[in-house]
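Try each task before you read its solution.

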Amino acid sequence: ESMQWRRPIEFIQASRPVVIVDEPQNMESPPRAAAIDRLHPMCTLRYSATHERSYNRIYRLGPVEAHRLSLVKSIEVASVLEDDNLNAAFIDVVSTDARKSQAKLKINVGHGSEGKQKTVTVKVGDDLFVKSEERFEYRDGFIVDNIHFRDSDEQIEFTTQPPVWKGTPVGGFGDDVRRAQIRETVRRHLDRELRFHRNGVRAKVLSLFFLDKVANYRIYTETGHELGPFAAWFEEVYVELAARPKYAALNLEPADGVHGGYFSRDKATKKKPEMFKDSKTGESKDDAETYNLIMKEKEKLLSPEVPLRFVFSHSALREGWDNPNVFQICTLNESKSTDRKRQEIGRGLRLPVDHDGNRIRDRQVNRLTVVA
């Protein structure tokens, strides 16, 4: 009544507010843009590292400038493949059709942030260089020379390149590559902990693994659950490396207590227990629940008394969450989006803090390793 029956939003509109939007790429849909306009702002400021639309730029603090000012960690990349393998042509035979004398292949198509995997149809004489929109890795010798249709021997022969069989893709990132990534991440994590221990750096070390689905971390069965392949490989590698004499001074915790998965959950019912589940978009209610779970445990993760040091998660960490003491990021997913990769790497760029919560400014300490 004291507002003379006016709605509160009318007072905000009358003040012609300055509206500041964080992560504005999430506010570009017509309903969200209209909601901002209804505030009648004098001006709107949008702050993000990954803008979807460019308005009137008034200030820019880029990654290079932020690094020069020592506002973020340095980045180093540890690749588990040689450069030649990284540039290998990806080909997966999806199916063959003897009646139409053709085959369907999954290949890489497009360039840069537009690059993606796509299923294409080929016949004898087709050139994958053309089908891939002229990606350089298909440039030499990937002209289809023959197609074999016989069951258990379906394959594609090329003019000067080795044949590819159905069920045996080439140029992709198989289990052996991901196992090597996990091993390299654990090794670098333990080496960093040992270096901090010897140099008197009182800071907890965290490693973050990005994966594409829960089943790679935890598998649910009729009798309960068991470790997924990534978690099993992690424990196997951790046990092996932790047993080495060089790490004895660290008094390392058992493998099952140092890693944890942060995923959305299906709540328990009378018929089934609580279960992790996949979430895809980064904006769903499930992702929000995961985000809240991690935020609640953010301080806990920084405590040296808590053994958890290796965090497994996916889309919910794309933006909005980071932990200053993430020193290793392992990308076990195959996302192609440039913005997605920037957001993932950004989870580990904040300057770390010591056990007392003080920010560490030492450039020798402040390095993020991306295991790719």
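Angles under 35 degrees count as roughly parallel, over 145 as roughly antiparallel, 65 to 115 as roughly perpendicular and the rest as oblique. The model is predicted, so local features need pLDDT of at least 70 and side-chain atom pairs count only at pLDDT 80 or more, while totals for chains, interfaces and linings use all residues. Residues are numbered from 1 along each chain as its sequence is written, and side-chain values use heavy atoms, with hydrogens and water left out.

**Exercise 1. Describe how α6 and α7 are arranged and which residues make their contact.**

Helices (H or I, at least four residues) and strands (E, at least two) are DSSP runs, numbered from the N terminus. Begin with the axes, which are lines fitted to C-alpha atoms, for helices over the stretch in contact, with angles running from 0 to 180 degrees between N-to-C directions. The axes of α6 (residues 175-199) and α7 (residues 229-242) come within 9 Å and cross at roughly 40°, and the two helices are therefore oblique to each other.

Next, look at the contact (heavy atoms within 4.5 Å). On α6 the residues include Asp175, Arg178 and Ile182, and on α7 they include Phe230, Trp233 and Phe234. The residues of this contact divide into 10 nonpolar, no polar and seven charged, where Ala, Val, Leu, Ile, Met, Phe, Trp, Tyr, Cys and Pro count as nonpolar, Asp, Glu, Lys and Arg as charged, and the others, Gly among them, as polar.

**Exercise 2. Classify the ring pair of Phe234 and Tyr238.**

Rings of Phe, Tyr and Trp (its six-membered ring) pair if their centres lie within 6.5 Å, and planes under 30 degrees apart count as stacked, over 60 as edge-to-face and the rest as tilted. A search of the whole structure finds 12 aromatic pairs. The ring centres of Phe234 and Tyr238 are 5.8 Å apart with planes at 25°, so this pair is stacked. Both residues lie in α7, four residues apart, which is about one turn of the helix.
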